[in-house]
Amino acid sequence: MSATGKLIQEFAGRPAYRPLKIVGASGQLGYGIPTPAFQRGLDNCPDLIGCDMGSIDIGPYYLGSGQMATARESTKRDLRKVLLGARKLDIPLIIGSAGSAGAKPHLDQTIELVREIAKEEGLSFRLAIIPGDIPKSIVERSILRREIIGVDGMPDLSIEELTLTTNLVGQMGLTDFQTALELDVDVLIAGRACDTAIFSALPVLLGFDIGLSIHMAKIIECASLCCTPGGRDSILATLDKDYFELESMAPQRKALPISIAAHSLYEQNDPFTIIEPEGYVDLHLAKYEQISDRSSRISGAKWVEAKKKTIKLEGSSKVGERAVLLCGAADPKFIANQEMILHEVEKIVEELVCEDTPKDYQLYPRIYGINGVTDRPLQASVPDEVFLMIECIAPTLERASEVVRTTKQYLLHYGYPNRLSTGGNIAFPFTPPEISVGTAYKFNVYHIIDIHGDENLFQPTVIEL
């Protein structure tokens, strides 16, 4: 019998009869798992190891391109660490949002690494795989029925926009994970998933309270980020019938009520609500108690089941090829007049590069020290120096490069009022200061879909390694 089968059999007929220990190994697998803290987690004899592997924080590029955000070698190192730990203790390993963005190319690359590790280490186990890709035909049907809603101000999704999407995924929830866990497996690797499902699906299957389980999961999927000081070291959660306890496995980090409660603001529009495909968790009555100098007990989360199951969709589409110009300036007159200078240089560049062709590019200047991060008016006193990053998106890399190279030359020598020297307006950190970055993508699908009778969109398969 495999790892999940043993736990399901142990808890059969006596739900939540003993506490369940869960290690959140990594805030995002592939960026490194500190070994000392992870080993302390294993020394506590956990029942489950979970790892979130993805995020939309990395932007639309990785979803669109199918590439992993993490380096292959560091990803393999992390996978080896958690696989060996789980197999040594004969406990389940659950990984969600495989390969950064959770689409088929990302899932395939992750499975390839797992196969390599299994062969190199002589491991054998049952592996469940849950793809997270959504057929465009299902989304098209929802568009025609007007049953798809944009998230965070996204416009209505059109069929034309859907056609441009390269990879389209849906965030599967805990019930989708449970279907795979019931197949008697040792390791589960899923495509794009709700981070909470990684850690809550098995506890709920074993009879633990769903509200508590999801609240716990929402915190430990980021490992020790909820601690003081925050970090990415492994964290141990002990889930009981009416509460769960948290302790970082790094001795320098403390899981305190204030830092844990503050984590409710992480990636949440409402700190009192955790929205899932199957419903939501209400945290208005949540209670945070310190039980030692480094650990806390949390209780009070309530689960509210939804009338219908919905799924958040994510997709990205190509917008062009990107090149950037990187330079700096320390002349106070240049800095004070930067808005006018950039506007005039942009007009000059357009006249030159569009002399025999229509304008087919966009320039996006960002002035770090003024408005590179926030959109704000220039203060009365200008900064001593600024950094300029001027981005161009065009149909081809050659075109984008042409535009930023021309921009560089005319920005370098543009004659602004009261300029003291013609030697050059800007400085370069290195040469060439123009860099061809590659294909640019945008999130064009970020919507909620009512799946109606398509509850089995995420079908698991099991392979023996």
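The centres of domain 1 and domain 2, taken over C-alpha atoms, lie 43 Å apart. Domain 1 covers 3-132 + 172-306 and domain 2 covers 318-444, with bounds that come from an automatic or database domain assignment. This is a predicted model, in which local features need pLDDT of at least 70, side-chain atom pairs count only at pLDDT 80 or more, and totals for chains, interfaces and linings use all residues. Residues are numbered from 1 along each chain as its sequence is written, and side-chain values use heavy atoms, with hydrogens and water left out.

Where the two domains meet, seven residues of domain 1 are in contact (heavy atoms within 4.5 Å) with four residues of domain 2. About 460 Å² is buried between domain 1 and domain 2, and carbon and sulfur atoms give 82% of this area. Buried area is the accessible area (1.4 Å probe) that two parts lose on being put together, summed over both. Between domain 1 and domain 2 there are zero salt bridges, a salt bridge being a side-chain nitrogen of Lys or Arg within 4 Å of a carboxyl oxygen of Asp or Glu.

The structure holds three cavities of 30 Å³ or more. On a 1 Å grid over the protein atoms alone, a cavity is a set of points where a 1.4 Å probe fits but cannot get out, and lining residues have an atom within 4 Å of a point.

Note on methods: On a 1 Å grid over the protein atoms alone, a cavity is a set of points where a 1.4 Å probe fits but cannot get out, and a pocket is an open set with protein on both sides within 12 Å along at least five of seven lines; lining residues have an atom within 4 Å of a point. Grid points are joined across faces, edges and corners, and a volume is the space filled by probe spheres set on the points.
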